[in-house]
Amino acid sequence: MASDLKPLALRREGDGLAIDWNDGVRTFATWRTIRKSCPCASCNEERQKPADPFKLLSDVEVSAGSPQPAQMAARGLYAYQITWNDGHDTGIFTLELLRKLGQPTS
Amino acid sequence: MQPGPGNIPTLEGVRHIIAVGSGKGGVGKSTVSANLALALHMHGQRVGLMDADIYGPSMPMMMGLGPVDPQIASFPIEKYGLKIMSLGFLPDAGKGVLLRGPMVAKWVATFLTQINWGELDYLIIDLPPGTGDAQLTLCQTAPLTGAIIVTTPQDVSLIDAVKALNMFRQLKTPILGVIENMSYFVGDDGKRYEIFRHGGGLKLAAESGVRFLGNLPIDPRVVECGDAGEPIVSKFSDSPIAKLYLELATVIMDASAKAGKEKLPEVIL
């Protein structure tokens, strides 16, 4: 992957995020995939634990439904920070991670 | 959520934001920042100087400013034609600042987003040593034109300068170049002494593929002027080192113009 990889355009398409990259590649990742790969410290810790079948969801989590972004803002020149519909907003997705999560579509 | 580049009203009138970092402490980041800011001002530029060293702010002393009453003071404070902001302006800062990382990040973000910087050609940001909260917050929050790496010639400084350089690269912040500070000393006999060796900065720039911006010599008057509250570029504007800073400012102006102002595209949701 080129070290000067840059997104040219990012937009919601259906249930996911489509990105046009400066090397001509177009990628698509579902919001669910992106949310499951949140790189923040608490999500990283959560992923290392065995699944908790008795975990009680908060009211916000229950009413949020499937993961959807409420906001997605650039962080400097290297990443985007997503605020999700369940209020979670600590994940900073680097350009490299967004590229890795997306499936090439062209 | 922190504000991101492009939506910070306090920085909208600022043309170029330049971070001065080193990785290592004690290499002269604050001295270079203060003198470079003044040199840019002497070239007719409107310049701000933000002291992002929250634990060890040195800009108030270097600029002949002390603690102020934050209830009545108007920030940034103006001195020598520069707009200056530092945590050292707070009355209790001299006692020492005990803060965990997130609070450091908060102060840096506050300086960027709550201080009315107005119309500036350059905002020079003096970073603390290291590659931590202050640096990350700055690179995440401010639309930086680029970063300058300051190093001294010896290996022990270069190993940390490389880390700072790599950090800026990871954060995709353009690197304007490397400055070698304390590069040499010219004695009364006119001879040049390379006290801390020489050429490390040039080597670092060449190996990293970035521009070498220049060498700055050791001059005891730099220390005296800093302690007395008037940087050497202002106090002895005809001195050889002041002339080097004026040349350096020209190089920085050129590099900033070429670097432009990149931004990531907005996401259409």
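Among contacts in chain A between residues at least 6 apart in sequence, what percentage join residues at least 24 apart? The figure is 42%. Keep in mind that this model is predicted. Now start the tour.

**Stop 1: chain A as a whole**

Select chain A. Its C-alpha trace spans about 45 × 25 × 25 Å along the principal axes. Count the elements: four helices and seven strands. Going from the N terminus, they follow the order β-β-β-α-α-α-β-β-β-α-β. Chain A has 106 residues, and 20% of them are buried.

**Stop 2: the sheet in chain A**

Select strands S4, S5 and S6 of chain A. They form an open sheet of three strands in the order S4-S5-S6, and the pairing is antiparallel. S4 (69–75) and S6 (92–94) of chain A are the edge strands, and each pairs on one side only. From one strand to the next, the twist averages 30°.

Zoom in on S4(A) and S5(A), residues 79–84. Six bridges link these two strands in the antiparallel sense. Show the residues Met72(A) and Ile82(A). Met72(A) stands opposite Ile82(A), which belongs to S5(A).

**Stop 3: where the two chains touch**

Show both chains. Here 18 residues of chain A contact 16 residues of chain B. On the chain A side, S1 (7–13), S4 and S5 each supply at least two residues. S1(A) gives the largest share, six residues. Colour the chain A side by class: 11 residues are nonpolar, three are polar and four are charged.

Which strand of chain B pairs with S1(A)? Select S11(B), residues 267–268: S1(A) and S11(B) pair in the parallel sense over two bridges. Look for Leu10(A), whose bridge partner in S11(B) is Val267(B).

**Stop 4: the sheet in chain B**

Chain B has an open sheet of eight strands with mixed pairing. Trace the order S3-S4-S2-S5-S1-S6-S7-S10. S3 (77–79) and S10 (212–215) of chain B stand at the edges with a single partner strand each, so one side of each has no neighbour in the sheet. The twist averages 25° from one strand to the next.

S3(B) runs antiparallel to S4(B), residues 82–85, and three bridges join them. One pair to click is Glu78(B) and its bridge partner in S4(B), Lys83(B).

Now turn to S1(B), residues 14–21. Is this strand mostly covered or uncovered? Mostly covered: seven of its eight residues are buried. Look at its two partners in turn. With S5(B), residues 120–126, S1(B) pairs in the parallel sense over six bridges. There, Val20(B) has Asp126(B) as its bridge partner. With S6(B), residues 146–151, S1(B) also runs parallel, joined by four bridges. Ile18(B) is partnered there by Gly146(B).

**Stop 5**

Next, select H6(B), residues 200–208. H6(B) packs on the sheet too, touching S6, S7 and S10 of chain B. Its direction makes about 155° with that of S7(B).

**Stop 6: H1(B) against H9(B)**

Show side chains at the contact. From H1(B), look for Asn35(B), Leu36(B), Ala39(B), Leu40(B) and Met42(B). They meet Tyr245(B), Leu246(B), Leu248(B), Ala249(B) and Ile252(B) in H9(B). This contact has nine nonpolar residues, one polar and no charged.

**Stop 7**

Select H7(B), residues 220–228. Which of its residues are buried? They are Val222(B), Cys225(B) and Gly226(B). These three are on the same side of H7(B), because they cover an arc of only 100° around the axis.

How values were computed. Residues are numbered from 1 along each chain as its sequence is written. Chains are lettered from A and ligands numbered from 1 in the order in which they are written. This is a predicted model: local features need pLDDT of at least 70, side-chain atom pairs count only at pLDDT 80 or more; totals for chains, interfaces and linings use all residues. A residue is buried if 20 or more other C-beta atoms lie within 10 Å of its own, exposed if 12 or fewer, and partly exposed in between; C-beta atoms are placed from the backbone. Two strands pair if DSSP finds at least two bridges between them. Two residues are in contact if their C-beta atoms, placed from the backbone, lie within 7 Å. Axes are lines fitted to C-alpha atoms, for helices over the stretch in contact, and angles run from 0 to 180 degrees between N-to-C directions. Ala, Val, Leu, Ile, Met, Phe, Trp, Tyr, Cys and Pro count as nonpolar, Asp, Glu, Lys and Arg as charged, and the others, Gly among them, as polar. The arc is that of the directions from the helix axis to the C-beta atoms.
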